[in-house]
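Dear colleague,

I am handing over the structure below, and after it I set out what was found. Please keep it open beside this message as you read.

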Amino acid sequence: MSVIYIALPIALALGAAGMLACVACIRSGQYDDLQSPPVRILLDDDPEIRERPAATDSKHH
Amino acid sequence: MSNHLEAGSYEADTCAHCGLSMRGASADQLNRPTAANEPSFCCNGCQGAYELIHGWGLTEFYALRDQLGGDESSANGSRKQSFEAFDTDDFLGKAKPRELSNGLLTATLAIHGLHCAACAWLIENAALQTPGLIEARVRLNDHTIRLVYDSKQLKLSQIAQLLDRLGYELAPPTHMPDEHFRNEHRRLLIQIAIAGFCAANAMWIAIALYAGEAGGLAAQHAVFLRMTGSVLGLAAVVFPGRTFFKGAFAAIRTRTPHMDLPVALGLAVGSTVGILNAILGRGAVYFDSLAVLVFLLLIGRWIQFRQQHRAARAVELLLRITPQHANRINASSETETVLVDNLEVGDRVRVLPGESFPVDGVIHRGKSTVDRSLLTGESTPITIDVGDEVLAGMVNLSRSVDIETEAVGSDSRAGKIMQAVDQAIGERIPIIQLADRIGGVFVMVVTLLAVMTFLIWVSTDWLAAAENATSLLIVACPCALALATPLAIAISIGRAAKRKIFVRDGAVFQQMARTGVIWFDKTGTLTEGRPNIQELHGEKRALGLAAALERECCHPIADAIVTAAAHSDCDNNLVAESVEVHDSGVTGVCGGSRVAVGNRLLMQTRGIDVGVSMGRIAESVEAQGVSPIMIAIDGWVVTVITLADPIKHDAAGMVSKIRQMGWRVGMLSGDNSAVVARVANQVGIEPTMAYGDLSPEQKVNVVKKGAIKAGGTNKTPVIMVGDGANDAAALAAADVGIAVRGGAEVSLQAAPVYVSAGELSVVASLIRAARSSRLLIYTTFGVSITYNLIAVTLAVMGQISPLIAAILMPISSVTVLTITLAWPVFLEQKK
């Protein structure tokens, strides 16, 4: 069980690193806009895909 | 994917771009489809935007928009507006483009007309296909766009024009992004992150300790775990948890009860005893519970903070009435667009018809009529001439005029009203939240109980007595109770916002849940605020000719005639050959006949014969205190129409609903008393509760007096519902101010609630929702107090263990959370 003397500080240090990273992200403004980023990732932003003549074909998906 | 959705949008009477119904659009505006399966449009603006989007191959926009559940697009594309101003630094003010290191320019501007993420997608993709525009980044939460462009290829004015064609309006930001909110938001999030880290790890350690109690744990390991857990818990209490201590100290200093008091008490006692126990190596350490408590409470606060701010933003983004820009006439008598802030006393400013006056001033050239309903509540426009005074916020209706600036900013009438608003807000007594009142009582009860427990046990065992008293103080810490109100308010605000009711201050729910007096403004609140045609005598056909002329001018009466013609069966495709606008009406030629539309004065000056039968009708109408509008064709009056400001269709129903809920309903108006009495009669307000001819100051007095008269110790709340600048001070003075759609900027700032849905009945449903949310708060209080009672009883009997406390507390929080989320705040379904 003496392993907790090493394991616990390591676990806490890892957790603290995560927390500090999170705090750094908040400070840099990543969390200021919570509306657009989650949707932006869903939108396909490669313009080449849309080169197909979307307006005229009559296929229904 | 895009196609079946597009096919859907071709249906019957909706515009393919904006999705609005095309009924009501006049025939000449309709761009009818040539074949049945082709899209149709409500206006040229929409057609332009649609073709542009198709040309880029970005038709997925429509599918995305439907999927994401956005509102209809704004149909304001291709307005006639000059964009050259975007290239002048004077126009942009502080937002003028900055040069980047690679020679490109960047500017952050406000963008209006965003509805959902599909709009951001469309704009950003459109930018990719525009040469010279390197990047466009839309931020949906504060409606801004960051542009990076190459000034050699593209000018800012061209970008503005491009976005305008898509239906989005680019504007210099009204103010720099809200620094205060951003910092506060970040601070709260950081606190949550720290508290979350501490709480999660303290809990793991606590689980190890509890498991160790059952399964055997070496003493030195237990000490190590306890010490580590204590350090983590202490960190949560000291860093993120100091918010509660600050709140508690403020409450003690101002002697107002606050929910932070019992929380701080619990935290303080828990920490002190916990440290002692950890050092002495005996008894319980409470740090896991404390860290979780801090974490949960902070989350509750963050949710409420965000909801309130979101509602506030929504209101800020609404249209402003006092324009940001003005056309200044320079030395060479040309106009240049400048920011209103840069205008000085003595500057000459040109105001076009349809624009509102940017400053207070005196007419220097030109004659026109102005609508001052937003400032005074008067429903009829007045005529102005050289030498007359005009005030910022009035709307110029008929012709372009030049004014000489007399007062700007805070010296103007609108500025004075704003000061009165600030004063009224300052004088308003802050509402003590129900939770805070309970918080005050709670502290005393819990402290008394703790002392009692100590006294009961002290005779048998001194140590056990101290142990039981402290565990009582900790388990009684009202975690769920402190969480209940912010959550209930956040939920109510969020659900209200879905119904287009924006609540910026959660405390208003508490006021609205009681009964009291509710005052309505007349013009624009109970009535539409625009005249429409009430009666028509004589030839109906003349309406078509009149509408052809009136389409050329910008005036509420003209709009009324055009609308009436569009809804009648007369010919709507006539186009006037020539139109001349006078003070008292319009004259012109249409379809080969000379047509005159105006009041009696116009007919007299033009030498038009009113005739006997029409004259009689006009006289009988005048006897009722309404001035008739006459339509003459080729020198003969053939039609007489009367106009009135119609009452909103649901006004009477709403008044009776609110009455049934026990509120007294009254009306305060700046308009003529006779009109006020008539409207009061129609919507069912008692004559004794309808006041006319009131100045903004008098309105404030009535609102304040209402509060005092109904007074006594238990003051009944006063609600004011209004739209104009003349209501702003009254809105601020009332316990709850509700600004309605189309209102003036100052009234939006003064009122904590803004209703943007067109229907008045939402006021009634808001009151019902307020009652529902009060019931929700009571219910969650009941539940969490029950948990606390169980815990306290166990503590008094000395039966509580840290494990039971650690289990009880989250269970009560989860119950409160579940009840709150499932609660139907707005019971009735949206029609």
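Helices, which are DSSP runs (H or I) of at least four residues, are numbered from the N terminus, and in this numbering B:Val762 has its place in helix 28 of chain B, which covers residues 761–796. Please bear in mind that this is a predicted model.

Is B:Val762 buried or exposed? A residue is called buried if 20 or more other C-beta atoms lie within 10 Å of its own, and because B:Val762 has 23 C-beta neighbours inside 10 Å, this residue counts as buried. The C-alpha atom of B:Val762 is separated by 9.5 Å from that of B:Ala496, although the two residues are 266 residues apart along the chain.

Next comes a pair of helices. In general, two packed helices are described by the angle between their axes and the distance between the axes. Helix 14 (residues 434–458) and helix 16 (residues 479–498), both of chain B, pack at an angle of about 165°, and their axes are 9 Å apart. Angles over 145 degrees count as roughly antiparallel, and these two helices of chain B, helix 14 and helix 16, are therefore roughly antiparallel to each other. Their crossing is left-handed. On the side of helix 14 of chain B the contact is made by B:Leu434, B:Ala435 and B:Ile438, and on the side of helix 16 of chain B by B:Leu481, B:Ala482, B:Ala484 and B:Thr485; these residues divide into 6 nonpolar, 1 polar and no charged.

Chain B also holds an open sheet of 3 strands, in the order 11-10-13, with antiparallel pairing. Strand 11 (382–384) and strand 13 (395–396) of chain B stand at the edges, and because each has a single partner strand, one side of each is left without a neighbour in the sheet. Strand 10 of chain B, residues 368–371, pairs with strand 13 of chain B in the antiparallel sense over 2 bridges, and B:Val370 has B:Asn396, in strand 13 of chain B, as its bridge partner.

Finally, B:Thr106 lies in strand 2 of chain B, which runs over residues 105–112. With 14 other C-beta atoms within 10 Å, B:Thr106 is partly exposed. Leaving aside residues up to four places away in sequence, B:Thr106 touches B:Pro97, B:Arg98, B:Leu100, B:Arg146, B:Leu147 and B:Val148. The C-alpha atoms of B:Thr106 and B:Ile134, which are 28 residues apart along the chain, are separated by 9.7 Å.

With kind regards

Conventions:
Residues numbered from 1 in each chain as written. Chains lettered and ligands numbered in written order. Predicted model: local features only at pLDDT ≥ 70, side-chain atom pairs only at ≥ 80, totals over all residues. Buried ≥ 20, exposed ≤ 12 C-beta atoms within 10 Å, placed from the backbone. Contact = placed C-beta atoms within 7 Å. Pairing = 2+ DSSP bridges. Axes fitted to C-alpha atoms, helices over the stretch in contact; angles between N-to-C directions. Parallel < 35°, antiparallel > 145°, perpendicular 65-115°, else oblique. Left-handed = near helix turned anticlockwise from the far one by under 90°. Nonpolar A, V, L, I, M, F, W, Y, C, P; charged D, E, K, R; others polar.
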